[in-house]
Amino acid sequence: MNSHHLQLKSIAYRKTILEIIHRGGAGHTAGSLSCVDVLNVLYNHVMNITPENFHEVDRDHYIQSKGHSVEALYTVLADQGFFPQADLEQLNRPLTNFVGHPTRKIPGMEHNTGALGHGLAVATGLAIAAKLDGRSYRVFTLLGDGELAEGSSWEASMTAAHYKLDNLVVIVDRNTLQITGRTEEVNALEPLHAKFTAFGYAVREVDGNDVDALANLLDGVPFEAGKPSLVLANTIKGKGVSFMEDVKVWHHKVPTDEQLSAALSELNQAQTTLESLS
Amino acid sequence: MSDYGQPNQQVFSDSLLELAKHNRDILIVTSDSRGSGKLVAFGEELPDQTIEVGIAEQNLIGISAGLAAAGKKVFAVSPACFVTIRSLEQIKNDIAYSDRPVRVVGISAGVSYGMLGATHHSLHDYAALRCINNIDIIAPADNFETREALKAVIDHPRPVYLRFGKKAMRNLHDPDTTHFEIGKAITIREGSDVTFISIGEPTSRALEAAERLEKEGVSCRVVSMHTLRPFDTEALLDAAHNTRAIITVEEHSVHGGLGECCAGILMQRGINIPLKIVGIPDEYIINGEQSDIFDYYGISGEGLAASAREMLKVSV
């Protein structure tokens, strides 16, 4: 998929995320908007995961450790054909499987997440299994920056480096906000680049809302042989909707009818501008 | 059948090594726990089937879930006291809720560590895991049950917790005539007055109590309830219908384990039978080796016999 198509996909995904959260009455709005460009590039450009090969072990794997941004993942999985687009209307409806965090009852979901600090260890286990069996699959996992306060993420990092898992790609959605406020004010994470380097990763930084930059960077994994790759994806929480960008209250705020209308209008404008460039 | 065998965790590790030599998908995942787990030989003979994660129990379980997702038959081995609480959320979410059939092995369980003190005791694990859906719970009482449980879990489709202790165990069964099945209690001896329903290592002490009581004319049934989930309700109800009192025995807090499981089933069926839950009471535990602790809290041949006499109002 070329750059132009990826950019259009991101806009379409953002519109869907906002619509399903608005309809469902709950969701993690801003975090889904910050990470959706990463998901877009992973599923449309990088990873070998399809509805057809999903039951096989020997394909790429994706664990979304920041499970609360499930609306972005639902949106992308529907677009990939794992389930009908219409199923997205089930979000938050009682007795459906479309709950506020990933479950394997949804086609295309690899692992049940939601409690933070879990995904990296599971991804590490999958990556070790590939090394044991000489398989060529890669394991991608997306972490939130706030969840890095969970010590389990660092336990798994030590093991990933110890086993030289260059088939593991860890992407951190570095939007600098968590529910209480700035990560640096809640419990400072920086210097993250140096910390991850010290833990044995080959670290790269990128504009995590720039699909071209993401695609170019992820084309180059592993960044170094014998080391797990880590992408510090510098993103903006609420990206794409001006009044949501970098505003902490949108962590899990649901847009009103008027706010949805304004957000869609802004995204439609961006889409029109982009289409005119083709 | 000789009277005493080996520690259950030794039997587990020896048996697992033999199975793993013929199945490359069998892995052990350990948290600096190979020594306690009697798995040094496994690590030396099958290094490619040994994943060491260091002293990091959350990591142990998360990585095990990932390995299981790739189709591996994973045994995550760590002291029961740590693996069932330090990594309880990983057990809940990454194994049970995500339905990854990892075999979590709690070694040196209960009060096996004795004088190492309360940090190293696991008197909570049955209770903690009984509240989590989709993980079976097995605590073998002797070497035979250990071997059979291991064979049974190799292809078990669900997550499972296995609990082993450190001390050499009395042999309770004739391997040639005894059938082991997950979720099916084994009646070690028949009796009509009182039933001891026991799980794990104290079961030999329940048998000892039954032997003492026999000499006094009290007839005791002894049931090895090696599986706490799925629970053998039928065996419990049979004891309630055909004997006069039930004493449950466990190396666990009296809260949330075998005893309260039995009480809940009986009460909800309106079955009124004298029931005593023998385990570790809700107090700061005394210091001592496993046998000292068992004796102190009445988990002994004489202590359990005394409980039976009291319930049956039998005087000696």
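**View 1. An open sheet of five strands in chain B of the predicted model**. The strands follow the order S9-S11-S10-S13-S14 (chain B), and their pairing is mixed. Strand S9 (186-189) and strand S14 (275-280) of chain B stand at the edges with a single partner strand each, so one side of each has no neighbour in the sheet. From one strand to the next, the twist averages 25 degrees.

**View 2. The pairing of S13(B) with S14(B), and the helix that lies across the sheet strands**. Strand S13 (residues 245-253) of chain B pairs with S14(B) in the parallel sense, over five bridges. Within this pairing, B:Val249 has B:Val278 of S14(B) as its bridge partner. Helix H12 (residues 301-312) of chain B lies across strand S10 (194-198), strand S11 (220-224), S13 and S14 of chain B, and its direction makes an angle of about 145 degrees with S13(B).

**View 3. Helix H1 (residues 3-24) of chain A and its packing partners**. At 1.5 Å a residue, the 22 residues of helix H1 of chain A should span 32 Å, and the end C-alpha atoms are 31 Å apart, which agrees with that expectation. The buried residues of H1(A) include A:Ile11, A:Ile17, A:Leu18, A:Ile20 and A:Ile21, and among them are also A:Lys9, A:Arg14 and A:His22. These buried residues pack against helix H2 (29-46), helix H3 (70-80), H8 and helix H9 (257-276) of chain A. Just after H1(A), A:Gly25 takes a positive phi of about 80 degrees.

**View 4. Two residues with positive phi that are not glycines, A:Thr176 and B:Asn134**. Most residues other than glycine have a negative phi. In chain A, A:Thr176 has a positive phi of about 70 degrees, and its place is the loop between strand S3 (168-174) and strand S4 (177-178) of chain A. A:Thr176 counts as buried because it has 20 C-beta neighbours inside 10 Å, the cut-off for a buried residue being 20 or more. In chain B, B:Asn134 has a positive phi of about 75 degrees and is found in the loop between helix H6 (125-130) and strand S6 (136-138) of chain B. B:Asn134 is partly exposed, since 15 other C-beta atoms lie within 10 Å, a count that falls between the limits of 12 or fewer for exposed and 20 or more for buried.

View 5. Most peptide bonds are trans.

**View 6. The contact between chain A and chain B**. In this view, 20 residues of chain A are in contact with 24 residues of chain B. Helix H4 (119-133) and helix H5 (151-162) of chain A each supply at least two residues of the side of chain A that touches chain B, and the largest share of that side, nine residues, comes from H4(A). Sorted by class, the side of chain A that touches chain B has eleven nonpolar, seven polar and two charged residues.

Key:
Residues numbered from 1 in each chain as written. Chains lettered and ligands numbered in written order. Predicted model: local features only at pLDDT ≥ 70, side-chain atom pairs only at ≥ 80, totals over all residues. Contact = placed C-beta atoms within 7 Å. Helix = DSSP H or I, 4+ residues; strand = E, 2+ residues; numbered from the N terminus. Nonpolar A, V, L, I, M, F, W, Y, C, P; charged D, E, K, R; others polar. Pairing = 2+ DSSP bridges. Axes fitted to C-alpha atoms, helices over the stretch in contact; angles between N-to-C directions. Expected span 1.5 Å × (residues − 1).
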